[in-house]
Amino acid sequence: VLAFLASLGLVALAGIKLNIITMWVLPFLLVGIGVDDMFIITYAVERRRGASGGAAPSLVLGEVMAEVLAPVSLTSLINLIMFAVMARSDLSGVYETAYVAMVAVTM
């Protein structure tokens, strides 16, 4: 949600118009993308917590982040590429929404 709000501010400063599609659809789409990444992280935490016995939480979190860095980064990269393809549209509402989404995904 914070990335969406920050991306709105950045694209407004860049002069890109905000439209109804951006304001109504994009928050739900970005939350869905974030929830997907959180499922991956939560699953890895639960699996590591059960396998680690009584290890310190900081060690477990470090192991989890090392494990999920590649999958989460790749899903974000694929989403960024997908929004870049969407930005090639001729419809102004679609490509303006894609610009905002690309900024939000990179945050």
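**Confidence, helix by helix.** I started with the elements of the protein chain and found that helix α4 (residues 57–86) has the highest mean pLDDT, 91, while helix α3 (residues 26–52) has the lowest, 86. This is a predicted model, so I wanted the overall score next. The protein chain averages a pLDDT of 88, and 100% of the residues score at least 70.

**How α1 meets α5.** Two packed helices are described by the angle between their axes and the distance between the axes, and I looked up both. The axes of helix α1 (residues 2–14) and helix α5 (residues 92–106) cross at roughly 125 degrees and come within 8 Å.

Which residues make the contact? On the α1 side I listed Ala3, Phe4, Ser7, Leu8, Leu10 and Val11. On the α5 side I wrote down Tyr99, Val100, Val103 and Ala104. Sorting the contact of α1 with α5 by class gave me nine nonpolar residues, one polar and no charged ones.

**Salt bridges.** How many salt bridges does a search of the whole structure find? My count came to three. One that I looked up pairs Glu67 with Arg47, and their closest N and O atoms are 1.9 Å apart. Arg47 sits in helix α3 and Glu67 in helix α4, so this pair ties together parts that are 20 residues apart in sequence.

Key
Residues numbered from 1 in each chain as written. Predicted model: local features only at pLDDT ≥ 70, side-chain atom pairs only at ≥ 80, totals over all residues. Heavy atoms only, no water. pLDDT = per-residue confidence, 0-100. Helix = DSSP H or I, 4+ residues; strand = E, 2+ residues; numbered from the N terminus. Axes fitted to C-alpha atoms, helices over the stretch in contact; angles between N-to-C directions. Contact = heavy atoms within 4.5 Å. Nonpolar A, V, L, I, M, F, W, Y, C, P; charged D, E, K, R; others polar. Salt bridge = Lys/Arg side-chain N within 4 Å of Asp/Glu carboxyl O.
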